Amino acid sequence: MTENRQIVVASLPQGALQATDYELRSGAVPTPGEGEVLVRTLALTIGAGQRAGLQGSASYAGAPTTGIVMGGTGVGRVEASNAAGLPVGALVVGPTGWQDYSALRARDVRPVEEDVDPALHLSLLGTNGLTAYFGLFSVGDPKPGETVLVSAASGSVGHLVGQFAKVHGCTVVGVTGSDAKCAVLTGRLGFDAAVNHRSPTFRNDLKAATAGGVDVYFDNTGGDILGAALRRMNVHGRIVCCGVVSQYDTDDPQPGPRGIPGLLVNNRVRMEGFLVFDHADRYDEARARMRAWHDAGMVESIHDEVVGLEQAPAAFVDLLAGGNIGTRIVRIAD
Ligand SMILES: NC(=O)c1ccc[n+]([C@@H]2O[C@H](COP(=O)([O-])OP(=O)(O)OC[C@H]3O[C@@H](n4cnc5c(N)ncnc54)[C@H](OP(=O)(O)O)[C@@H]3O)[C@@H](O)[C@H]2O)c1
């Protein structure tokens with residue numbers, strides 16, 4: 001076996017994340033212990049939520065620290081096995097981190113099907129697809145004919161939320177960060193309307209695009225977009241609090257918007273946070289439905305790809321600045 005290239009957290013970001021907060025190191029290829037497998041990483045996914053982990057605002061991620069391999073989910077091939085049921089050659093998804101090789105406990109990896117691009121197991125069939133599915137259907141509870149608004153709508157979770165809501169018979173409006181991204185949402189993904197949050201006319205544009213009000217707002221961003229969406233909610237509307245991407249890449253996150261709780265009271269709006277892990281007992285059911293939609297051509301999982309482990313830090317910085325459409329994937333090996 002060869003070297004194990006690793007991307008290590010060299011410093012915790014001061015202000016916005018920099019690629020120089022990471023270092024590329026060469027480590028030893030680990031030896032799997034009893035009940036473990038050695039996994040060669042084929043591809044990784046990077047999502048905005050990982051910045052919350054570095055900020056210390058994601059309770060499930062623990063306290064951020066330096067000198068460790070950057071965490072993350074990857075899809076890979078088992079190259080050595082001390083675990084029953086996980087033979088050499090199996091394709092698995094697990095917490096590989098940003099490195100070529102990882103020794104993972106059998107209970108932490110999941111064997112996946114070979115009949116699709118392995119990256120699909122990191123996007124539609126991975127955590128972000130499940131997040132879109134359960135956030136929309138279990139928390140948002142949209143009815144056919146209702147209007148669903150989603151922010152970070154061209155990101156990994158957002159572009160799937162909008163498509164799932166269309167499959168469900170809803171009217172869908174997306175908020176994203178450029179006119180070109182708006183065109184992808186309406187032209188390629190079937191959204192009914194899209195609004196650019198960087199436009200000086202954003203609030204008026206949102207009002208025009210949601211003339212009948214909003215029944216479900218899927219909030220990936222918090223911040224000013226949440227503030228604007230609060231004022232578009234219909235009576236008995238639901239706000240799904242999925243994430244706060246507008247406040248991750250900073251040392252100085254802003255307080256929540258004005259109007260809470262008054263607007264919630266007046267319009268009897270339910271605002272509810274969730275973590276995808278809450279729904280782990282229904283992952284198989286959700287994956288089966290999402291896979292069926294995908295295979296029928298009803299839902300497209302867009303992959304925004306870069307090639308090479310060493311590109312991961314710059315790809316993360318770029319993503320936080322809005323550089324991605326769909327799920328960011330880093331290809332590492334064939
Ligand atoms: N609750 C859960 O269990 C759970 C699980 C997974 C993910 N999440 C959350 O889901 C959200 C979306 O994650 P993701 O992986 O889908 O995102 P992503 O693919 O990483 O995309 C992030 C997008 O956020 C937008 N953005 C960045 N800064 C922004 C700002 N200041 N204001 C508005 N938009 C901004 C950018 O697009 P624009 O060009 O549109 O600005 C960027 O492309 C995150 O908040 C994440 O933490 C929650």
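**Exercise 1. Find the glycine just after helix H8 and give its phi.**

Solution. Start where H8 ends: Gly 297 comes just after this helix and has a positive phi of about 75 degrees. Helices here are DSSP runs of H or I with at least four residues, strands are E runs of at least two, and both are numbered from the N terminus. Before going on, note that this is a predicted model, in which local features need pLDDT of at least 70, side-chain atom pairs count only at pLDDT 80 or more, and totals for chains, interfaces and linings use all residues. Residues are numbered from 1 along each chain as its sequence is written, and side-chain values use heavy atoms, with hydrogens and water left out.

**Exercise 2. Work out which residues of H8 are buried and what they pack against.**

Solution. Step one is the length: H8 has 13 residues and spans 18 Å from its first C-alpha to its last, close to the expected 18 Å (1.5 Å times one less than the number of residues). Step two is burial, meaning under 20% relative accessible area, with exposed over 50% and partly exposed in between (1.4 Å probe, protein chains only). Tyr 283, Ala 286, Arg 287, Met 290, Arg 291 and Trp 293 are the buried residues of H8. They lie on the same side of H8, because their arc around the axis is only 160 degrees (taken from the directions from the helix axis to the C-beta atoms). Step three is the partners: the buried residues of H8 pack against strand S7 (110–111), H2 and helix H3 (156–167), where contact means heavy atoms within 4.5 Å.

**Exercise 3. Classify the ring pair of Tyr 133 and Phe 137.**

Solution. Rings of Phe, Tyr and Trp (its six-membered ring) pair if their centres lie within 6.5 Å; planes under 30 degrees apart are stacked, over 60 edge-to-face and the rest tilted. Tyr 133 is buried at 2% relative accessibility, and Phe 137 is buried at 17%.

**Exercise 4. Which helices does the pair of Phe 134 and Tyr 283 tie together?**

Solution. The geometry is tilted, with 6.3 Å centre to centre and 35 degrees between the planes. Phe 134 lies in H2 and Tyr 283 in H8 (residues 283–295), so the pair ties together parts 149 residues apart in sequence.
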